[in-house]
Amino acid sequence: MIITRITRKFENIYYSIYSRYLWKKKNPHNFTRLGKNRNRLVLKLINDNNLVVGEKSYGSLNIDTSGNPNEGLIIGSYCSISNQCTFLLSGEHRTNSFSTYPFEEMVYHQHVEDKTKGKIIIDDDVWIGDEALILSGVHIGKGAVVAAGCVVVADVPAYAIVGGVPNKVIKYRFSEKIRQKLLKCDFSKVDISLVEKKYLSVPINEDNIDEIISKLIQAGASINK
């Protein structure tokens, strides 16, 4: 028993160190890091390309995973991820039987894959606040904001600001007209150094949206038809 515990301890140390190394090696294009969970299942996610982050996104990836082959976390470019938010990739319990308790595993010691609703997909330019919990199968649209403490159980529309338990739309960042123009503009591969600083921080309105998009196009953005 003691030997087993010691072996597991060293295995956990190995997976923690190697998973962080591998993540940094594969992600020189962004500023994310693996969070509190750095076990062999997270390492498997990385190797299977089920943990992917785009350009320049930053933050800590606190991942709760059970190893279900259908789970995953895909994050776009220019996302701001809080160091205290959590991504729950699987671990769903049955609710249609007399008990939600996992009898097979806990009582009969049978291996049963924890349920998942699918991959978490986070589009470009998403901001996730402190202590937010993102559940499996959720799609968070481009430009959305997830408020601190929010529990996201359903898809989030593009450019929406959501909060609460469960998540509800508080408001949208821009008018429908502006949102539609921004949705057509793919700036995930833009060379930011080619964009004047003022265009990156000026408040967007219907008078300047076309000018801003044109500057992004000059720096490498594309327009989706």
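Modeller: Ground rules: residues are numbered from 1 along each chain as its sequence is written, and side-chain values use heavy atoms, with hydrogens and water left out. As the model is predicted, local features need pLDDT of at least 70 and side-chain atom pairs pLDDT 80 or more, while totals for chains, interfaces and linings use all residues.

Biologist: What makes Tyr 108 count as exposed?

Modeller: Exposed means over 50% relative accessible area, buried under 20%, and partly exposed in between (1.4 Å probe, protein chains only). Tyr 108 has 58% relative accessibility, so it counts as exposed. Tyr 108 sits in the loop between helix 3 (103–106) and strand 7.

Biologist: And why is strand 3 (residues 58–64) called largely enclosed?

Modeller: Because five of its seven residues are buried.

Biologist: How do you know that strand 1 (residues 31–34) and strand 3 pair?

Modeller: Strands are DSSP runs of E, at least two residues, numbered from the N terminus; helices are runs of H or I, at least four. Pairing takes at least two bridges found by DSSP. Strands 1 and 3 have four bridges, in the parallel sense, so they pair. Within that pairing, Arg 33 stands opposite Ser 60.

Biologist: What joins strand 3 to strand 5 (residues 80–81)?

Modeller: Two bridges, and the strands run parallel. Gly 59 has Ile 81 as its bridge partner there.

Biologist: Which residue of strand 6 is the bridge partner of Ile 63?

Modeller: Phe 87. Three bridges join strand 3 to strand 6 (residues 86–88), again parallel.
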